[in-house]
Structures are given as structure tokens and as C-alpha cells.
Amino acid sequence: MSKQLQLTDSEIELQKEYLQKVRAVLSARFYDRTPKAYIHTYGCQGNVADSERIMGMLSEMGYGFTEDLSEADFVLYNTCAVREHAEDRVFGNVGILKKYKEENHNLIIALCGCMMQQQHIRDKIYKSYPYVDLVFGTYVIHRLPELVYKTISGKKRVVCADEGNGAIAENTPVYRDKSVKAWLPIMYGCDNFCTYCIVPYVRGRERSREPEQIIAEAKNIISKGYKEITLLGQNVNSFGKNNKSDMNFAGLLREINALDGEFKIRFMTSHPKDCTKELIDTIAECDKVSKHLHLPFQSGNDRVLKAMNRHYDRKKYLELVNYAKEKIPDLSLTSDVIVGFPGETYEEFKDTLSLIKEVEFTSLFTFIYSARKGTKAAEMPDPVSREEKGKWFQELLDVQEEIAARRTAYMNGKVFNVLVEGESKNKEGWLSGRTDANIIIEFPATEEQKNVIGTYQNIKVTEALNWILRGELQQS
């Protein structure tokens, strides 16, 4: 790892010292009980992985955890800046915290994540939410022990959102839940600067972890019994930048695939401009790599793609998809789509519809364009009304729903090997998992059969709905 990306030993030791200082303060302040922290995460899986590291540090400071706000001594919201709706939810929920602060004057309220990396957001928090004690950005998560100590030992609000160099902090404690799936970040930041996206401004430029660090963490995850590892990055296809190794993403997949153990590998997100035939060949050849590719295309029109600064065109995208389908016959393709990008016409939107019909995605994550302050797209003319964009959006949903119904119908009667993740959220007495293609499947289970949670089981599909499968457990 290049020097500018690695924390020095003295920086690491300093945080360990602060961690012990926090532990001492909490031990004196809560001498008769364990203080509890409430953590809520908004946004992507990258934020979830950040929260796991935050919780790891908080645990070593002496905090336990609760899902009940009324029990909390420390509340932290890890925020997302990708869409306006996510920001609105954060502000609404921060407003609710005022009453908890009034009831418990010792309560520490902290906000972190992508929203907090933006100056105008920090200004709003400082002015409108005076009861928020700690605000910190994405570059300084590793300094959490220091920031918490300054917060609990002082009388001033602490705000820290340094630009920094995005140093990668290895060996940070991680507090993972007791599920069967684990998130594993392999890189941070983004160099693409799509005109609609705020991520490069709040997450910084791309920097990759060293392969040996990733593989060591993967081994640890496997040893603890996790059955699925999802590799995370804003653009995993560009893995390898700014580190010592020449290993690319395909090479990393092969290394992890070669590890001993029963587990599956997934990854996100994959940018089309950096998706290679080598990567597709690797997915096809590696038995532990899921045969599911999430490849966001965003728009099917070349002019719009250029305005988005996506660095590929419709032809290149379709060439990649067709090659992938040829090499991986059972491939499940999913994607992201933005409807109503500034200046997009209905005729251009129809190019998106035609691409969807041609590819026939398993599922789509669809969004109406949301302007992000500080991005180039936010300054572009946007003459089409929200109401009109809503009509386009519904038209797209109707097309995809028909495709999804057709794709799932052929699965009826088939048997899939499924990682059983836990109890269904939709039907009491049922369990839920995902197929290798990342399709949810639910099935009834007796109390005795619930011991299959955390294992791979064969499930026969008995009912195929548009977005979900239902089936029955096959006896081994």
C-alpha cells in the first residue's frame, strides 16, 4: 500500500490509547451497568460495513448495543447522501431524538457518513440541531475513539470532517451480526465522477486494500462460520489502484475462491466501463462465485450516457452482456436505471425501455433522478416535470414486471440449492433464503426444521411470483 494511504503505527496506537480512555470514563460513569449504543444505518452495503467497524470500536470502548432508542446512552446515525429521500429521512429522525435528549441529558447523539462529509449539511446540523453532540465524516471513522473521548469528556460539540487522504485503517475491530452473510470491503472511493453522483465528493478517490489483508479477513470470516461473503466497493472492477500489488479484481476473486470452506462469493458494484471478459470468464470458472452480475447501465441512450459521464455506450454494454450470457448460461443479470435525467426526452427514455426488453434482466433497481447539490447534473436544465417522469417510471416498471413474471415462471418445479438465511419477514412459520441468482425463495418449516438456518439446502419451487419464489424443503 502506498505511504499516503496507510495509517502510521503512531496513529493506530493513539486511537488505542483513546479507546482505553473512553473505557475508563464509561466505567466510572456507568459503574453499575453497561452503557448501550443504538446504531442505525442508511444507504448502501458500504455504509453497513462502516457501521460494523464503528460497532467494533464502540464494543471495545465498553458499549453494549440496543435496538430500543429509550434504552440508549449513545445514538449514532450513519447517513447516506445518494438520494434526497434518504437525507429527508435522516433529518426527520434526528428531529425525533430531541425528546430523548431532554429525557436523558447524558445521551450522546452522533451523526456520521456521507451526508456529514458535505459542508452545507454540517452547517444545517450545527444551526438547526444543537442537541447533536458529534458529527464526523467518512475519512475519519478510524478516529472514532478520539472523537468519542473528546465528546464525553468535554462540553463542546465535536465536528470532524477532514478531507484527509482517505487513509485505509487495517485491523479495525468488526462487530458483525449473527447472520450467515458477511460484508468485506476491498476498496473505497470512486474516480468516475458520474455527473449525477455525489459519491466521489463524499467518499474520495479510489484506493484499494492490499490482497493479503483482504484474504486474511476472508479466512477469518469463513472460520467464524459465515456462508456468504460479499466483496464491496464503489467500483470493484477497478480494484488494484494505488496499492503495491498488481492483482486485479479477477485475480482477487480467484484467490478467495481457492480458500477452503463451504461459502459463496458475491460482489458489488460493478461498473460497465471496467468490466472485462477476463472478469466474466472468472465468474464462469470459479465454483464459489455466484452466477449473478449486477451491472448498472443507468440509460439505454448514448447521448444521455455521455451526459452522465458513464464512459461506455449502448453497444459496448450489450456486447458485455451478450458475452456474459454466452459464457454463463444461467447468469442472473440485475441493474440500476435512472429515469428522467436532466434533459432526457421521452424518445431517449424509450431507448432505455428497448434495452431492458433486449437484455431481460432478472430485476432492476429503478430511480427517478434526484438532484445532488455539488454535482454537475444539478446545474443542467431539467425541463421535464416530476409528474411526467413519474409516468415514464411506471411504464418502465410495467415492462420489467412482465419480464420478471416470465423469467420466474420457468423456475416453477425446479430445484435450487439455497443458503437458508433465517425466518421469513413475510410469512410466519416460513424460512427464507436466496438462490445463487440472488432471487428470494421462501418455504414452510417446522420447528425441528429450523436448524437448517445457516446451511445450504435444496428447495423445490412450487409457486413463482414476479419478485419472489415459494417452495418446499427437499429431504436429504
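Predicted model: local features only at pLDDT ≥ 70, side-chain atom pairs only at ≥ 80, totals over all residues.
How many residues does helix H2 have, and what distance does the helix reach from its first C-alpha to its last?

1. Helix H2 covers residues 45-61 and has 17 residues. From its first C-alpha to its last the helix reaches 24 Å, close to the 24 Å expected at 1.5 Å a residue.

2. Helix H2 is mostly covered, with 12 of its 17 residues buried.

3. After helix H2 comes Gly-62, and the phi of Gly-62 is positive, near 120°.

4. Asn-47 belongs to helix H2. Its relative accessibility is 2%, and because buried means under 20% relative accessible area, Asn-47 counts as buried. A polar atom of the Asn-47 side chain lies 2.8 Å from the backbone oxygen of Tyr-42.

5. Residues up to four places away in sequence being set aside, Asn-47 touches Thr-41, Tyr-42, Asn-78, Thr-79, Cys-80, Cys-114 and Arg-203.

6. Tyr-18 is placed in helix H1, residues 9-29. Tyr-18 has a relative accessible area of 15% and is therefore buried, the cut-off being under 20%. Neighbours within four places in sequence aside, Tyr-18 is in contact with Pro-145, Glu-146 and Tyr-149.

7. Tyr-18 and Ala-216 stand 198 residues apart in sequence. In space, their separation is 26 Å, C-alpha to C-alpha.

Notes: Residues numbered from 1 in each chain as written. Heavy atoms only, no water. Helix = DSSP H or I, 4+ residues; strand = E, 2+ residues; numbered from the N terminus. Expected span 1.5 Å × (residues − 1). Buried < 20%, exposed > 50% of the residue type's maximum accessible area, 1.4 Å probe, protein only. Polar contact = N/O pair within 3.5 Å; in protein donor to acceptor, adjacent residues only side chain to side chain. Contact = heavy atoms within 4.5 Å.
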